[in-house]
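User: Could you walk me through the packing in this one? I'd like to start with the core and then look at some helices.

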Amino acid sequence: MSDAKVFTRRVKPDQAGVGEAARLLAEGHLVAFPTETVYGLGADATDARAVARLFAAKGRPAFNPLIAHVADVAAARRAGTLSPLAEKLVQFWPGPLTLVVPASDVICELARAGLSSVALRVPKHPVAQALLAAFGKPIAAPSANRSGHVSPTTAEHVLADLAGLVDLVVDAGPAPLGLESTIVDVSGATPRLLRSGGVPRADIERALGMKLAAAGDKVQAPGMLASHYATRARLRLDAQDVRPGEALLAFGAPRPAGAEGAAHTLDLSPRGDLVEAAANLFAHLRALDASGVAAIAVAPIPAEGLGEAINDRLERAATPR
Ligand code: TXA
Ligand code: MG
């Protein structure tokens, strides 16, 4: 299926556009749609053939399980078993939190990559909500980029990676958060943080009344390969200076030494706001990478709040493939 070229249409997020997207999903086709985190590449999560097409378009190793997006907590309870720990976290739904729970047979095995657990999320974006309501079934959706690329925060990013591979893109402008969901494994007795993301760790630990354990040594979120999100340009993190020929990814003031000599500069947040920085992260990485520089100096980013997830993505992007 991967070589079956289609013409990718881009539609408005109105009733007609969302209705068209829901019809295509019901026919087993792929549609890209906005969520509050990043754009997703959606397929019917109950249809293994549709999910197979999705893996092909993504160029993703088939062992990598997908997040199933569901309309509400009731739909999540049909797709998996929410333990008392999981129930403490549904207060973050709709929103940028994904829970890994024991699966029922609603989500097809291929979407779960054969695992007995399933990753569930109730997205908050009104267009994602409208699409789930119109379609009436769970939507399996990884970030709408080719495997190993930076996640898309605009319809343009989606088209840059997937034009000709996806039937439709519902364009609702930039994704408000710009950073993927936090993934917490609540399938066992110990809650584990599999991926930092849009809900800060501290908020989750407060809701649980306990600390989150680390992912552990089994590769629980295989999509968290070290080289995920890699840019073509080399990234130099925590840069105290900007070296000749480098571009600068800044974070407010003060700027690193030699910043005025940077080949290109983009600022994640001139006022030093981590929420704004998260929203700009992937778009700025893409833009600086596209400028053709060999290396990008990245100013230090504080580790608190969304900073944990921002630093995590930067470290992955900096890992050579
Ligand atoms: O914000 C987001 O989460 C976006 C939007 C579109 O919702 N989606 C997203 O999906 O980032 P993706 O496929 O790029 O990342 C999903 C991650 C992967 O690392 C995958 O391995 C992990 O979730 N995952 C999925 N099911 C899992 C499971 N049963 N156990 C452990 N990890 C799982
Ligand atoms: Mg992804």
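**Core and helix packing**

Analyst: This is a predicted model, and in its largest nonpolar core, which has 50 residues, the members that touch the most others are L89, W93, L97, L99, L120, V184 and I204.

User: Which elements each supply at least two residues of this core?

Analyst: They are the strands β3 (40-44), β5 and β6 (117-121), together with the helices α2 (48-58), α3 (73-79), α4, α6 (155-162) and α7. The largest share is that of α2, from which five residues come.

User: And what is L99 in contact with, leaving aside its neighbours within four places in sequence?

Analyst: With that exclusion, L99 is in contact with A86, L89, W93, V118, A119, L120, V184 and V186. There is also a second, separate core of 25 residues, which includes L235, A277, A309 and L314.

User: Switching to α7, which of its residues are buried?

Analyst: In α7, which spans residues 201-208, the buried ones are I204, E205, A207 and L208. Viewed down the axis of α7, these buried residues fall within an arc of 160°, so they line one face of the helix.

User: What covers them?

Analyst: The cover over the buried residues of α7 includes α4 (84-89), β5 (97-102) and β9 (182-185). Just after the helix, G209 takes a positive phi of about 70°.

User: Last one: at what angle do α1 and α5 pack?

Analyst: Helix α1 (residues 15-26) packs against helix α5 (residues 126-135) at about 50°, with the axes 9 Å apart; the two are therefore oblique to each other, and their crossing is right-handed. V18, A21, A22, L25 and A26 of α1 make the contact with V127, A130, L131, A134 and F135 of α5.

Technical notes. Residues are numbered from 1 along each chain as its sequence is written. Chains are lettered from A and ligands numbered from 1 in the order in which they are written. This is a predicted model: local features need pLDDT of at least 70, side-chain atom pairs count only at pLDDT 80 or more; totals for chains, interfaces and linings use all residues. Side-chain values use heavy atoms; hydrogens and water are left out. Buried means under 20% relative accessible area, exposed over 50%, partly exposed in between (1.4 Å probe, protein chains only). Helices (H or I, at least four residues) and strands (E, at least two) are DSSP runs, numbered from the N terminus. The arc is that of the directions from the helix axis to the C-beta atoms. Contact means heavy atoms within 4.5 Å. A nonpolar core is a set of buried Ala, Val, Leu, Ile, Met, Phe, Trp, Tyr and Cys residues joined through side-chain atoms within 4.5 Å. Axes are lines fitted to C-alpha atoms, for helices over the stretch in contact, and angles run from 0 to 180 degrees between N-to-C directions. Angles under 35 degrees count as roughly parallel, over 145 as roughly antiparallel, 65 to 115 as roughly perpendicular and the rest as oblique. A crossing is left-handed if the near helix is turned anticlockwise from the far one by less than a right angle, and right-handed if clockwise.
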